[in-house]
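Please keep the sequence at hand while reading.

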Amino acid sequence: MPRQAEPAAVHDSLVLEPRDVQFDWSALPLHWIPDEPMATHTINVLHLLLPEGERWFVKVFKDALPMITDEQLREEVLGFIGQEAIHAEAHQEVLDHLLAQGLDPRPYVRQISWLFRRVLGDKPGLTAAQRRENIIERVAFVAAIEHFTAFLGNWALNSPGLDRAEADPTMLDLLRWHGAEEVEHRSVAFDLMVHLDPGYLRRLRGMLVSGPLLVHLWVRGTRFMLAADPTLKGSVRPTWREAQQIARRGLLPEPTRMFRSALRYFLPGYHPTKEGSSSQALAYLATSPAARASAGH
């Protein structure tokens, strides 16, 4: 079961620092959860979304830096930027490995790139006031998405079903290292949004736009990966019923729990520190094989 949040003092004492990591993907099988292609590729959608998405996070937060008047928050935002940049590159390595195995992710990734760079990117010709508003709006989108990434990170840290299924240990380390850092910095985007606009409507709009968009992209990404897998030849088609069954075995997050988590975001007293455990995240980061290997170098 996911652990409950600890007292705020534990979280407040954190100093966010980018952790360099090294992963060796040379032995990663195409179906890194043995005999579970749907579970494998449903999680693989993260590798499709995150490189472009997290580069966009970095761009948005860099644009927001001059607007921050709280020095502690500024330092947290800088730490967030550093961590997200490393996350993007780590997942990019998996995409490159998939391509070498005959699964070409580039058609879907091009669509994701267009979404983040053109639809959600900078808008030319804005006045200074309009540009400030546009930046705050995008920060609100990031805050809502970060709620989901923290949920997924907390799930990855508390997912013994993946161990029972003998999932590839290198991929498990990537998911749990990344998930632990998402839990660690889960409050930064929300705190930045509130710093720039404490109004409830901004938070509401951010989730109402980002939540359905994320679900849509994930479903499309799962369909794409299963269709592009050269070993399946289109024989596996995803369904919600199968996703529920796989989730009950602990190989995917349970959709109903994710939905309830999204509803908590709308509560007036919501704050991300109530989701997940910083202590648990830091404990994993201290033992992550990739992080320890990098530190050894």
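## Terms and basis

A residue is called buried when its relative accessible area is under 20%, exposed when that area is over 50%, and partly exposed in between, with a 1.4 Å probe and protein chains only. The model is a predicted one, in which local features need pLDDT of at least 70 and side-chain atom pairs count only at pLDDT 80 or more, while totals for chains, interfaces and linings use all residues. Residues are numbered from 1 along each chain as its sequence is written, and side-chain values use heavy atoms, with hydrogens and water left out.

## Salt bridges

A salt bridge is counted when a side-chain nitrogen of Lys or Arg lies within 4 Å of a carboxyl oxygen of Asp or Glu, and the structure holds 19 of them. One of these joins the side chains of Glu137 and Arg205, at 2.6 Å from N to O. Because Glu137 belongs to helix α5 (residues 128-157) and Arg205 to helix α9 (residues 200-228), the pair ties together parts that are 68 residues apart in sequence; helices here are DSSP runs of H or I with at least four residues, numbered from the N terminus. Glu137 is buried, at a relative accessible area of 15%, whereas Arg205 is partly exposed at 35%.

Another salt bridge, at 2.8 Å from N to O, links Asp163 and Arg176. Asp163 lies in helix α6 (residues 160-164) and Arg176 in helix α7 (residues 169-184), so this pair ties together parts that are 13 residues apart in sequence. Asp163 is partly exposed, with a relative accessible area of 40%, while Arg176 is buried at 12%. Beyond such pairs, Lys59, Asp63, Asp122, Arg131 and Arg138 are linked in a network of salt bridges.

## Aromatic side chains

Rings of Phe, Tyr and Trp (its six-membered ring) pair if their centres lie within 6.5 Å, and the pair is stacked if the planes are under 30 degrees apart, edge-to-face if over 60, and tilted otherwise. By this rule there are nine aromatic pairs. Trp56 and Phe57 form a tilted pair, with 5.9 Å from centre to centre and 55° between the planes, and both residues are buried.

The ring centres of Phe190 and Tyr270 are 5.3 Å apart and their planes stand at 80°, so this pair is edge-to-face. Since Phe190 lies in helix α8 (residues 188-196) and Tyr270 in the loop between α11 (255-264) and α12 (278-285), the pair ties together parts that are 80 residues apart in sequence. Both Phe190 and Tyr270 are buried. Phe23, Trp25 and Trp177 form one aromatic cluster.

Notes: Helix = DSSP H or I, 4+ residues; strand = E, 2+ residues; numbered from the N terminus.
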